[in-house]
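Hi,

Here is the structure I promised to pass on.

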Amino acid sequence: MSVHVSIHDVSPAFRSEIEFALEMSHARGVKPALLVVPNFHGEHPLEEDASFCARLRDLQADGHEIFLHGFFHAAGAPRLRDDSRPGGTFSRFFAQRVVSGGEAEFSDVSADEARARLTEGERILSKAGLHIDGFIPPAWSMPPWMLDILAERRIAYTEDHLYMYAPAARRKKPSLVLNYASRTPSRLFSSVAFCRLAKPAKALVPARIAIHPADMRFRLLRHEVQHLLKWAEGDTVERATALV
């Protein structure tokens with residue numbers, strides 16, 4: 001089965017880490033998708049960094065996909081619309097504390113707020129001279145109704161922990177996600193162990209390699225990412241929609 005590679009949390013906040021991840025990917029002949037955050041944690045507005053936007057335009061022109069990756073990439077960020085936060089206490093706790101470090105942004109908004117953030121995110125990326133190949137929610141977390149909203153907007157691609165979706169075409173396919181968690185030593189070592197053990201599943205379903213900026217800060221994770229890219233060499237696809 002084929003493998004799709006992506007770099008998450010693409011923002012001026014992580015310029016050097018992103019370049020390092022690109023260098024590692026290009027060394028294996030891979031053009032990873034770039035998951036762009038319009039205003040990471042409300043402190044790094046993309047539209048105010050002309051040189052970073054120019055770099056992204058060059059990468060897209062060279063064949064890299066550009067995905068909208070949330071808006072703030074943080075839960076509890078200021079609302080773009082005046083509405084209340086949906087969801088129950090347990091579901092919010094699970095999304096924000098178990099599967100992410102308070103960054104499951106689209107598990108923490110109403111449908112109206114989700115539409116507002118998609119609209120504003122698309123506007124900012126368009127102003128930067130980028131066209132959007134799809135949308136991927138931070139922490140791969142979103143309520144089921146998000147698929148209908150993405151279909152309404154003719155979004156060609158999205159994904160969560162278990163599936164890849166073509167929302168506009170109403171298709172989905174199971175897939176294997178290989179990524180690392182570095183918030184605590186236990187998460188770091190358990191994620192390394194999982195990725196090593198899970199690789200054979202690629203024989204059954206497509207795989208996704210997700211590189212995060214934090215991976216570039218740990219020698220062990222840099223080593224593991226390099227090995228994943230070598231393992232996937234020759235089997236990668238540049239367009240995620242090819243796997244759905």
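**The sheet and its neighbours**

Three strands in the order 7-8-9 form an open sheet with antiparallel pairing. Strand 7 (158–159) and strand 9 (171–174) are the edge strands, each pairing on one side only. For the terms: helices (H or I, at least four residues) and strands (E, at least two) are DSSP runs numbered from the N terminus, and two strands pair if DSSP finds at least two bridges between them. Strand 7 meets strand 8 (residues 163–166) in the antiparallel sense over two bridges, and Glu159 stands opposite Met164 in strand 8.

Before you read on, a caveat: this is a predicted model, where local features need pLDDT of at least 70 and side-chain atom pairs count only at pLDDT 80 or more, while totals for chains, interfaces and linings use all residues. Residues are numbered from 1 along each chain as its sequence is written, and side-chain values use heavy atoms, with hydrogens and water left out.

**Aromatic rings**

I count rings of Phe, Tyr and Trp (its six-membered ring) as a pair if their centres lie within 6.5 Å; planes under 30 degrees apart are stacked, over 60 edge-to-face, and the rest tilted. That gives five aromatic pairs. In one of them, Phe106 and Phe135 have ring centres 5.1 Å apart and planes at 65°, so they sit edge-to-face. This pair links distant parts of the chain, 29 residues apart: Phe106 is in the loop between helix 3 (89–98) and helix 4 (111–127), and Phe135 is in strand 6 (residues 134–135). Phe106 is buried at 1% relative accessibility, and Phe135 is buried too, with a relative accessible area of 1%. (Buried is under 20% relative accessible area, exposed over 50%, partly exposed in between, with a 1.4 Å probe and protein chains only.)

Tyr163 and Tyr165 make a tilted pair, with centres 6.0 Å apart and planes at 50°. Tyr163 is partly exposed at 28%, whereas Tyr165 is buried at 10%.

**Charges over rings**

What lies over the face of Tyr163? Lys172 does, at 4.2 Å from the ring centre. Lys202 lies over the face of Trp231, at 5.4 Å from the ring centre. The rule here is NZ of Lys or CZ of Arg within 6 Å of the ring centre and within 35 degrees of the ring normal.

**Cysteines**

There are zero disulfides (a pair of cysteine sulfur atoms within 2.5 Å) in the structure. Cys53 is buried at 5% relative accessibility, and Cys195 is buried at 1%.

Cheers
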